[in-house]
Amino acid sequence: MSRNDSKYFSTTKKGEIPELKEELNSQYKDKRKDAVKKVIAAMTVGKDVSSLFTDVVNCMQTENLELKKLVYLYLINYAKSQPDLAILAVNTFVKDSQDPNPLIRALAVRTMGCIRVDKITEYLCDPLQRCLKDDDPYVRKTAAICVAKLYDINAELVEDRGFLESLKDLISDNNPMVVANAVAALAEIQDNSSRPIFEITSHTLSKLLTALNECTEWGQVFILDALSRYKAADAREAENIVERVTPRLQHANCAVVLSAVKMILQQMELITSTDVVRNLCKKMAPPLVTLLSAEPEIQYVALRNINLIVQRRPTILAHEIKVFFCKYNDPIYVKMEKLEIMIKLASDRNIDQVLLEFKEYATEVDVDFVRKAVRAIGRCAIKLERAAERCISVLLELIKIKVNYVVQEAIIVIKDIFRRYPNTYESIIATLCESLDTLDEPEAKASMIWIIGEYAERIDNADELLESFLESFPEEPALVQLQLLTATVKLFLKKPTEGPQQMIQVVLNNATMETDNPDLRDRAYIYWRLLSTDPEAAKDVVLAEKPVITDDSNNLDPSLLDELLVNIATLSSVYHKPPEAFVTRTHSSAQKTEDDDYPDGSESESSVNLANGPGSPPTSSYTIPPSVAPATPPSAAAPVPDLLGDLMGMDNSSIVPVDQPATPSGPPLPILLPASTGQGLQISAQLTRRDGQVFYNMLFENNSQVPLDGFMIQFNKNTFGLAAAGPLQIPQLQPGASARTLLPMVMYQNMSQGPANSVLQVALKNNQQPVWYFNDKILFHVFFTEDGRMERATFLETWRSLPDSNEVSKDFPAIVIGGVDATVERLATSNIFFIAKRKNANQDVFYFSAKLPRGVPLLIELTTVVGNPGVKSAIKTPSPEMSTFIFEAIETLLRS
Amino acid sequence: MPVAASAVYFLNLRGDVLINRLYRDDVGGNMVDAFRTHIMQTKELGTCPVKQIGGCSFFYMRISNVYIVIVVSTNANVACAFKFVVEAVALFKSYFGGAFDEDAIRNNFVLIYELLDEIMDFGYPQNLSPEILKLYITQEGVRSPFSSKASERPVPNATLQVTGAVGWRREGLVYKKNEVFLDIVESVNLLMSSKGVVLRCDVTGKILMKCFLSGMPDLKLGLNDKIGLEKESQLKSRPTKSGKTIELDDVTFHQCVNLTRFNSEKTVSFVPPDGEFELMKYRITEGVNLPFKVLPTIKELGRTRMEVNVKVKSVFGAKMFALGVVIKIPVPKQTAKTSFTVTSGRAKYNAAIDCLVWKIRKFPGQTEPTLSAEIELISTMTEKKSWTRPPIQMEFQVPMFTASGLRVRFLKVWEKSGYNTVEWVRYITKAGSYEIRC
């Protein structure tokens, strides 16, 4: 069957180009054809054959389809470099686009669209118009894509000539492939445009879902991808859509399956019925697992996506952990991703099996994989409290193998385990110290030094051990130097004897005089001063209790996760980065409007999480201020902020008011953790502002059968950096009892990166139950400070001084302001102060002032007809980026 | 965006471009140089199939001695791109009659250019069914359906078939004898611990079909799977027949199968493509019959000697037999000398892969041959690290046996002309990744 085209690659000695030229102009058809093939062969290997342009184009007028295709291919490659000559081809193109043979008509249009020469584009319009209405579906499906090509070259032209309308008409075409290509073209055009061009109505949606059944596999991908942007109106519609998409999960094409999964996950956000959600999760699991029997490259894509999916819906694959066990011959990139997912799926139920696997991997050949396996054991220990001991014994077994990099990796993770479970597993320190001299990597060294410093009082020869490191102090990397400095200070504070005293002198001298690393120098100076002025204070600072850490190093920020889930199957989901982070093409304006049209769904988040039902683990991680990632050596980072606090006379405890109202009254608080989810523990909470301070007003009700105690609370990083200013003080709760508390809060403590949102994620634990996670919405009006009242003159001046670009306005069409006085009073209780009122035609205009934290002024103008629905609100502030939240607050206050 | 590619490159192992096609303008023609310098010539190669270099991302796959590289600059659909490559390679193979390698590409470059133009437009995959494409993209080129030459038999409405709802079968097929061949091919994947505990075990099966049927037949396939049987008895309101039923964890179908009908009625109904194709794939984890058990004992006697005993037990019917059984037993790198006895087949030491390779051509059921070997090692002072014992790997084929127990219950063929068809069914079980840790 095979042909022998390779002969066209062979060259003759005689000048090649002239010879080809001669052959191209031969009177014999076959010779001409062979010549064109030789030209294409030369082009393929990278020779420049553009000088033959005219001669090749002359061969274009032919009956022979194969030859025609070759000439067209040549044109696509060289037209750009010969724009003036390319015009020679136009006539043939136009003629071909009217050929009786539909294959030739389509070929002409397809090729013309690939030639990005202005002059040719002009001539493309008429043929394209005809082809969009061609009788033959093959021509129409080609023309549909051609519109997208033309839009890429000249968007205006497409809009002026009405091609967009023709393209939209094709969505109703009776041929499924035409429909699919038209959808693909429209979706791409929409991606690159700032105007709404392709809006999916429920009507188009249902039409396209019907078309799915008859489309080719690729067409199904186009349609599913385009539809995944559709936001269903309510849970019922979402359920309907999902029902029609689920059959696609059985498709043999992995792209169809992933696009269907994407669409189902999007719609699931809206579905409230836990049964339906559970059922869908059950249906999605097998197809996802099946993807792992595809080619390794596809497995890799699938695994990266599964990583995202289990972060949002951990239940989906909770029972399938075995399929992620690594095969000996899996490529390394597949093994690494499987490991990551195994950690995510590890639970008390399967941890024994998982540990056996990890141990097996830790003896394999590939060093990176072995390291990751060891780290995985540590991360499981941090994640699963009950399994920590078993994890540690596996780590100790591995240390005994005495493979250098295994030992080092194990020490790094054991340091994290000590952080997580202080005063629990210190008995193993002796074993660790045996491996001291094998450490040569900075991170492992730093970890070991931290352990020695932290537990100096329990290690008899701690001073000797540290001293052995000190000899090489000046040569060590900064990471190790910082740890050595802190560890020596700790040692000195714990054992203030002569040996340590000498050591500290050496270290401080070294760190202050002989280094040019500012971090090291500054830290040394602070320790020095602290030690010389008040050793007791130094003890409080350096040996302060450290906050508990959690394993979050590989969990994504919820808002990023949302964005990535919309992008399942695409590059974005493989990189775990939003598209803007790696796509450099500039349609930033387009991107922006799109975001506005499709809010990221963060508002629905809290309801969704509850809908997830009991046992749904957190979708995100919880870190504690100061942000100490478990992977970084924590000892040094922890004391520093406290230290600064002390230096600046800002004792944290002074912020907490002494006279906490015992039982704050007020309207009932919204329930955030219903008793059904919290194993009988019900928590209601809301942010409030009292006496110039933000509190978290919480109500705990114990409906379970056991007394609950040891309550602790953590807040995840959030846009406003809200964090607890003191510990949660809840006494033991007997069954049936309830307790209220006002937890003082501080701002700007643990700020999250990424787009601003009003989600506040809370983690709460007690001694009897698992950790509970719930979401609250940050009520922005609690941030308005008491000193927001302004004089009229100041108001006017501030208004004028701010540029107009800082003014943002929004309409609340449904809100009615009934009584003016009542409204003014209500706003005043939330620290929005009335300034003035004026009449403008039949409308009343009110002016208010307020102040945001850090003294940022906020000016508000409300325009309305009193008693009628519709309030227009305009605000002016130096921080207009907060406007979304401000409007939300205004709306809430006006509505209540 | 479901765009799958801005450009496709076929490179040989040296990195020379064999053929390429630019579909979109957003990547430069020389982007492949970046691939060559940043991936092919570095240790990166093979560490990750998706890689970003500058503003472009590269997806690559190696197939025999060819790298297929896709370049994009947008947030492309990676799943779609890789699947496209897989399908395109299958298409090329079907055109070249088998092999896909550097030579095949060079020998068919005109054809490949033609196909690349047809199967993808502006980065969007189009119809890749070999069946249909062969209607109008032919070996000799001139045999186009609309050719003016009278001697050629024009294929009617090729374009309608490319885009039609049954985009995988052409009309007007006539066979003297109407036949269907069904092959049920199962791969058993096993991971067993050294103590004989099954850590992971599953079967991935596929049903391969070869159809030589006239006209536009409608086919319906019945298996002994649980859900299908239950649904059937529901519809016909009679109790399920007793007998073994199989629970399929997951099924995926060729695009010819009507998925919506499968979802509602649980029947597999389809209009098949002509010739050979993969009808469905399935996966089973429960109730797998393992055809072989392997019981290894490996003793390290001091620093320089090892004793290896491996017993392999066939647990399928005594009348059946397995073919091409190969057992690879790993030994340390510093193996100096081996001596062994086997009760069946032949064994030898292969130093290139550090394994004892034990081959048994024909392996009857219910037997248990053993291999016992003594291995002498070169004693090395430097070798501190203990030997990491890779798993024992096994290859085999067992005809007329399915590890899952799956059986075809019926295959019905309807065609409006009402002809009779002959159906043939074969079963075979192969080793997938059959690993026993030791």
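Predicted model: local features only at pLDDT ≥ 70, side-chain atom pairs only at ≥ 80, totals over all residues.
Residues are numbered from 1 along each chain as its sequence is written, and chains are lettered from A in the order in which they are written. Local features need pLDDT of at least 70, side-chain atom pairs count only at pLDDT 80 or more, totals for chains, interfaces and linings use all residues, and side-chain values use heavy atoms, with hydrogens and water left out.

**Nonpolar cores**

Select Tyr74(A), Leu317(A), Phe324(A), Phe358(A), Phe418(A), Phe10(B) and Phe100(B), the residues with the most contacts inside the largest nonpolar core, which has 288 residues. Such a core is a set of buried Ala, Val, Leu, Ile, Met, Phe, Trp, Tyr and Cys residues joined through side-chain atoms within 4.5 Å; buried means under 20% relative accessible area, exposed over 50%, and partly exposed in between (1.4 Å probe, protein chains only). Helix α2 (residues 78–96) of chain B gives the most to this core, with 14 residues. Helices here are DSSP runs of H or I with at least four residues, numbered from the N terminus. A second, separate core of 72 residues includes Ile207(B) and Phe401(B).

Next, centre on Phe324(A). Its contacts (heavy atoms within 4.5 Å), leaving aside neighbours within four places in sequence, include Leu292(A), Leu317(A), Lys338(A) and Leu345(A).

**Salt bridges**

From that list, take Lys338(A): its side chain meets that of Asp330(A) in a salt bridge at 2.8 Å, N to O. The term denotes a side-chain nitrogen of Lys or Arg within 4 Å of a carboxyl oxygen of Asp or Glu. Both Lys338(A) and Asp330(A) are buried.

Now select Lys335(A) and Glu364(A), whose side chains also form a salt bridge (2.8 Å, N to O). Lys335(A) belongs to helix α18 (residues 332–345) of chain A, whereas Glu364(A) is in the loop between α19 (351–361) and α20 (367–383), 29 residues apart. The relative accessible area of Lys335(A) is 6%, so this residue counts as buried; Glu364(A), at 12%, is buried too. Salt bridges that share partners join Arg371(A), Arg375(A), Glu409(A), Glu441(A) and Glu443(A) into one network.

Move to Glu66(A) and Lys33(A), a salt bridge of 3.1 Å, N to O. Glu66(A) lies in helix α4 (residues 65–78) and Lys33(A) in helix α2 of chain A, so the pair ties together parts 33 residues apart in sequence.

**A loop residue**

Finally, select Ser50(A), in the loop between α2 (29–44) and α3 (53–58) of chain A. Ser50(A) is buried, at 12% relative accessible area. Beyond its neighbours within four places in sequence, Ser50(A) touches Tyr74(A), Tyr78(A), Ser81(A) and Gln82(A).

Notes: Helix = DSSP H or I, 4+ residues; strand = E, 2+ residues; numbered from the N terminus.
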